[in-house]
Amino acid sequence: DYTAYLEQIWQGGYLTNNGTLCRQLTENIARFLKVSNLELVSNGTLAIQLAIKALDLRGEIITTPYSYVATTSSILWEGCEPIFVDVEDRTCCINPDLIEAALTEKTTAILATHVYGYPCDVEKIQKIADRHNLKVIYDAAHAFGVKLAGESLLLHGDCSALSFHATKLFHTAEGGALVCKNAEIANEVFLMKRFGHVG
C-alpha cells in the first residue's frame, strides 16, 4: 500500500509544495471534521505560530499553564508575552472566570487549550473576547473530532490548531493543521506557509 502511494507521487511529479495527496488529505480531513478553511502544516506548534502571525497579535496573550510547553513557546517565539490564568478543577481547561482579572491594555488575545478532549467554556471565552476586542485561538491538539452541541469544536474562536503528532488520536506521525474562522485568515496562513508563492 505504501509503495503504491509513492508510485502515485512519483508519477504525478509533485514531491512537495501542496501535491495531490496533500490536497486530498486536506479535503478529507475538512470533510470528516465538517469544517472549512483548513490548512495543513508541519506540526501543531507551527499552527499556533501561524495563527498568531495571521491575526497580527502583539503584546500579551492570556493562556493556560496546563498544556504542553509548545503552547507557551509559540507565544514567546512570536514576540508576545504569555499571561497565565489558572485552570478549572473538573476539566483542567482555562478558567474563564479568572480571565478578565488578568487583562491589561496590552492584552490582544486568549490562547486556550482543550485538555484531553474536554472543551473549554467557549461561550464564556467568546463573550469576554467580544467585550474586550480580543482574538481567540484554541490549542485543539487533544480535540480532533470532538463535537459540542452537535458541531465541531473547531468552529469556535478565530483559529484552532491541531497536532497530528504520533501521540495524538489521529496522527500522520508528524504534522498538524490550522482551522480558521474565515477564508481571509486561512488565505493569510496559506501565503505565509508557502513564502508568498501563489502559482
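Some housekeeping. Residues are numbered from 1 along each chain as its sequence is written, and side-chain values use heavy atoms, leaving out hydrogens and water. Because this is a predicted model, local features need pLDDT of at least 70 and side-chain atom pairs count only at pLDDT 80 or more, while totals for chains, interfaces and linings use all residues.

Start with the sheet. Seen across, the 7 strands of this open sheet run β1-β9-β8-β5-β4-β2-β3, and the pairing is mixed. Strands here are DSSP E runs of at least two residues, helices are H or I runs of at least four, and both are numbered from the N terminus. Two strands pair if DSSP finds at least two bridges between them. At the edges sit β1 (38–41) and β3 (81–84), each pairing on one side only.

Inside the sheet, β2 (residues 60–63) pairs with β4 (residues 107–113) in the parallel sense, over 4 bridges. One example: I61 has A109 of β4 as its bridge partner.

Now the helices. Helix α4 (residues 69–77) packs on the sheet and touches β2, β3, β4 and β5 (135–139). Helix α7 (residues 183–193) also packs on the sheet, touching β1, β8 (159–163) and β9 (176–180). Touching means heavy atoms within 4.5 Å.

Last, the largest pocket. A pocket is an open set of points on a 1 Å grid over the protein atoms alone, where a 1.4 Å probe fits, with protein on both sides within 12 Å along at least five of seven lines; lining residues have an atom within 4 Å of a point. The lining has 22 residues, with Y68, A70, A141, S163 and K168 nearest the centre. Helices α3 (44–54) and α4 and strand β8 each supply at least two of the lining residues.

Notes: Axes fitted to C-alpha atoms, helices over the stretch in contact; angles between N-to-C directions.
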